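Here is a short briefing on one protein model. Please look over the sequence and the structure before reading on.

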Amino acid sequence: MGDQIQFIVEKLNQEPFRKNYNLISFDSLESLQLLQLLSDVLGEIDPKHAVDIREELPEQTAKRMLNLLGILKYKPPGTVSDLSAFRQGLVTGSKTVIHPVLHWLLQRTSELRTRAYLARFLVKLEVPAEFLQDDTVADFNKQYEELMEAFKNLHKEHEQLKISGLSTAEIRRDIGAMEEEKDQLAKRVERLKKRVETVQNHQRMLEIARQLRLEKEREESLAQQKQEQKSQLFHAEQKLQRAQVQLKEMQNMVADSKPESLMKKLEEEMNFNSYLVTEKIPREMESKKTSVYFLQKVVAEPAMTQADLTALESERDEVNAEINQLIEKRMIKYEPTDSKFSMYRQQASIISRKKEAKAEELQAAKEEMSSLERQMEQKSSQAHELEGSEVLTEDEFKQYVSKLRSKNTFYKKKRLEIAEMTAEYGILQRTEELLRQRHEAVQQQLQAIEEKKGISGYSYTQEELERVSAVKSEMDEVKGQTLDNMSEMVKKLNAMVAEKKASLAPVIKELRQLRQSCQELTQECDEKKIQYDSCAAGLETNRSALEQEVKGLLEECAQEESNYHYINCMKRSLEVQLQRAKEEMKAYMSPDPQERRRAVREQYTRIILEQENLGKKLREKQKVVRESHGLNMKQMKMWQDFEQLMECKRECFLKQQNQSTIGQIIQEGGKDRLVL
């Protein structure tokens, strides 16, 4: 308790309270001052509660503080009776109630300030069910809930942004850097525009470049879509393969099994599941609930000091001692008939423990099997990603081996054919080399003969002339063909133009007649349109007047309906109050004292008498404290003076003792010198 008060005093002396208390002055605060201090702390958490309690009634103060403490989720220690005592102590300003509340509030001020801020927007306004039957009220309530959800999401995003560590200075630096990059890019674009303007047809080239960029982006998006579709196809194939494997396994199980074995397996599985549902899981749930209950109880209790821990340890030791004594008494009263029951109980407990152990082993085996199946699926997916294949079953492996053998024989046959073809290729290569050597020898002989005759290079020039003449003849043929094609195309175009003119002549005559009729119809349409607009304007004015009248009637109907619902609700509330008043009168006028005690008047009378007695006791206690205050202060002053006097005597004694020891040391040193 002393540590708690010291912590409260330290926090109150700091910002933003600055109370300048010490332990004595804080402990001597009266109930009204304690309530004002608690109101100030609550006002620091929620500014709406910064109120002078002298300006409001005690009931209003207690109600306001209890509402805020409920919003802040303060849990007073103890049971329901302790809760009523807590409310009573909060009204009277009891130290045993207010000190733990102050300690709890000052420990987590920033967290509670955030909670109070959120409570202004997230504490839901309860609307009675009869009011929600009105469509307007229901719509407003729905909008209110949607806005509440939107506020929750925005607050979460705000907190995440706070945690992310993005500061305004960093954002401004990033914006400045991006603006500089933007200016540089704009200057570069201007320079490139100036360069491009000198080029002919630059607009067309820019348009082509833009189209090229768009097509490239489209190509990238199509490639991405293609990749996504490939991945989707791959996943779909994986699912299909897994489904096929499961289907094969189920078919094998059905083929190999009999109805009796299937029924036996189903019965075993049903027994195991029923054991889990009826015995194991409820027991675990009960243990979890008890542990949660104890944890909630521990959390609800205030922070424990060392004194509380020592008290709990002593209580634990006492309980253990009582348990040991009870066990010894039971051993003394041991009877042989109980031994049989104990033996059966031991056997039953051993069997139940074995059953639980086996059930846990079975559950662990099932979990291990499911984890191994997941690992197998992961490995198969990794094998697919590495362009591998699925893990083969026994039948698929046999088929694979037979295919491999057939491919091996086919491979050997093709290898023999390749060896024969390589041998033939070597022969042909050697023949080509011999023919090339003969050709070179013939060319050398021809050159030697041309040099002897004085016409060296004749064969080469002749070959070149033949090649050029062949190319020229081909070009002449192509030119002739193109000229013929062009002349034929011109003739065809002239003929087509003449045909089109002849076919369009009657159409043009009909078009002239249709234009004239179109002008007449247009004039008639304009006249009809003017008549329509005037008629529509009249009808529109009539419709708007009728709509206003209908709207007024609907509003009047809605108002009357709301008045009806309000009067009905007031009638119900008055009936309830009248019934309550009748019951109160019946209880008050009843001759039965037990029934009369239940009356509200009697309860309030009893509470008033209790409070008056408590006030008298407190006033007497205050009178006694005031009468003994002067004597107690004088006695405390005398004890302080006595303590100072004893402290001075102790210091004088210590100094005298030190001087005597120094004198003895000096005398012993002189004696030693004399001896020497």
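This is a predicted model: local features need pLDDT of at least 70, side-chain atom pairs count only at pLDDT 80 or more; totals for chains, interfaces and linings use all residues.

Residues are numbered from 1 along each chain as its sequence is written, and side-chain values use heavy atoms, with hydrogens and water left out.

**Whole protein**
- The protein has 18 helices and zero strands. Both are DSSP runs numbered from the N terminus (helices: H or I, at least four residues; strands: E, at least two).
- Of its 676 residues, 11% are buried. Buried means under 20% relative accessible area, exposed over 50%, and partly exposed in between (1.4 Å probe, protein chains only).
- Among contacts between residues at least 6 apart in sequence, 56% join residues at least 24 apart. Contact means heavy atoms within 4.5 Å.

**Helices α3 and α6**
- Helix α3 (residues 31-45) packs with helix α6 (residues 95-107) at an angle of about 20°, and their axes are 11 Å apart. Axes are lines fitted to C-alpha atoms, for helices over the stretch in contact; angles run from 0 to 180 degrees between N-to-C directions.
- α3 and α6 are therefore roughly parallel to each other. That term covers angles under 35 degrees; over 145 is roughly antiparallel, 65 to 115 roughly perpendicular, and the rest oblique.
- On the α3 side, L34, L35, L37, L38, V41, L42 and I45 take part; they meet K95, I98, H99, V101, L102, L105 and L106 of α6.
- By class, this contact of α3 with α6 has 12 nonpolar, one polar and one charged residues.

**T92**
- T92 lies in helix α5 (residues 80-92). T92 is partly exposed, at 31% relative accessible area.
- Beyond its neighbours within four places in sequence, T92 contacts S31 and Q611. T92 and S31 are 61 residues apart in sequence, but 6.7 Å apart in space, C-alpha to C-alpha.

**F272**
- F272 sits in helix α12 (residues 259-300). F272 is buried, with a relative accessible area of 12%.
- Leaving out residues up to four places away in sequence, F272 touches A359, L362, Q363 and K366. F272 and L362 are 90 residues apart in sequence and 9.3 Å apart in space, C-alpha to C-alpha.

Conventions
Ala, Val, Leu, Ile, Met, Phe, Trp, Tyr, Cys and Pro count as nonpolar, Asp, Glu, Lys and Arg as charged, and the others, Gly among them, as polar.
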